[in-house]
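This report describes one protein chain for a reader who is new to structures. Please look at the sequence and the model first.

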Amino acid sequence: MRSTRHVASSVLLAALFVAGCSPDSLGGLSASGTPAAGPSGAVASGGSSGRAIAVGAGPQKHYTVQQQPAAGSCRYRYLKGEPLEDPRCTPGAISPAVTQTNLESTICRKGGYTSGIRPSTSVTGKEKELNAASYGFTGRMGDAEYDHLISLQLGGDPNDYRNLWVEPADPGHRKGSGVNNKKDPVETKLHTAVCKGQVTLAAAQKAIVTDWTTALATLHLG
């Protein structure tokens, strides 16, 4: 029986590859329990480990709660005590609505851009709880940020699960004092540099998904 099943499995896989499919493309979750690539299938250059950054659905009139990685399937990384995302679960995703050619009418426009595209807390609150389970986060939820890995002000997708993670508080953070982390100022400096033409949008996006703690140094922005 084992050999018969093995042959049948091999024939099925061969048929999938001939058809241009992969096992992960057949459902929302891969065999490891983490979400497979999103429905858009589009990619942009850059990303951690040289991988392309996925392109999400972009701003929506009505957001819905997105499926998150399986509980306990994600692991935080730490660099000098600073929390970093698990790139398998949170590789980042960009919005197709923001490009290098339309910066002045999107993220760099006067009056702001992000407030009009941000999902409601009724959606992100539920996602945050689910994502906390994905990462095994057991700290105070009020001290953790449900963070866009590529921030909205850098053209990150507003509600793609690949671009959102529960970011723990920084080292030395006083419990109960709310969200306060060192990633936010990095995002703001990158946004300023992009809007001033000091770096390209793609370069800023790639730097922050690779390692937000080194993004400014990588781009020679201090």
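Two residues are in contact when heavy atoms of theirs lie within 4.5 Å. The model is a predicted one. By that contact rule, and leaving out residues up to four places away in sequence, Leu221 touches Leu190, Ala193, Gln198, Val199 and Leu216. Leu221 lies in the segment after H5. Is Leu221 buried, exposed or partly exposed? Leu221 has a relative accessible area of 26%, so it counts as partly exposed.

In soluble globular proteins, nonpolar side chains tend to be buried together. Here the largest nonpolar core has 40 residues, and those that touch the most other members are Ile107, Ile150, Leu154, Val166, Leu190, Val194 and Ile208. Two or more residues come from each of strand S2 (53-55), helix H2 (121-135), strand S7 (164-167), helix H3 (183-195), helix H4 (201-210) and helix H5 (215-218). H4 gives the largest share, 5 residues. Among the contacts of Leu154, with residues up to four places away in sequence not counted, are Ile107, Leu190, Val194, Leu201 and Ile208.

**Helix H2**

The 15 residues of H2 should span 21 Å at 1.5 Å a residue; the end C-alpha atoms of H2 are 20 Å apart, which agrees. Buried residues in H2 are Val123, Thr124, Glu127, Lys128, Asn131, Ala132, Ser134 and Tyr135. They lie on the same side of H2, because they cover an arc of only 160 degrees around the axis. On the other side of H2, Lys126 and Glu129 are exposed. Strand S6 (145-148) and S7 are included in what covers the buried residues of H2. After H2 comes Gly136, which has a positive phi, near 70 degrees.

**Disulfides**

How many disulfides are there? The count comes to 2.

| Pair | S to S distance | Angle about the S-S bond |
|---|---|---|
| Cys74 and Cys89 | 2.2 Å | -100 degrees, left-handed |
| Cys108 and Cys195 | 2.0 Å | -90 degrees, left-handed |

Cys108 is in the loop between S5 and H2 and Cys195 is in helix H3, so this pair links distant parts of the chain, 87 residues apart. Cys74 and Cys89 are both buried. Cys108, in contrast, is partly exposed, with a relative accessible area of 23%, and Cys195 is also partly exposed, at 34%. With the bonded cysteines numbered in sequence order, the pairing is 1-2, 3-4.

Definitions and conventions: Residues numbered from 1 in each chain as written. Predicted model: local features only at pLDDT ≥ 70, side-chain atom pairs only at ≥ 80, totals over all residues. Heavy atoms only, no water. Core = buried A, V, L, I, M, F, W, Y, C linked by side-chain atoms within 4.5 Å. Buried < 20%, exposed > 50% of the residue type's maximum accessible area, 1.4 Å probe, protein only. Helix = DSSP H or I, 4+ residues; strand = E, 2+ residues; numbered from the N terminus. Expected span 1.5 Å × (residues − 1). Arc of directions from axis to C-beta. Disulfide = S-S within 2.5 Å.
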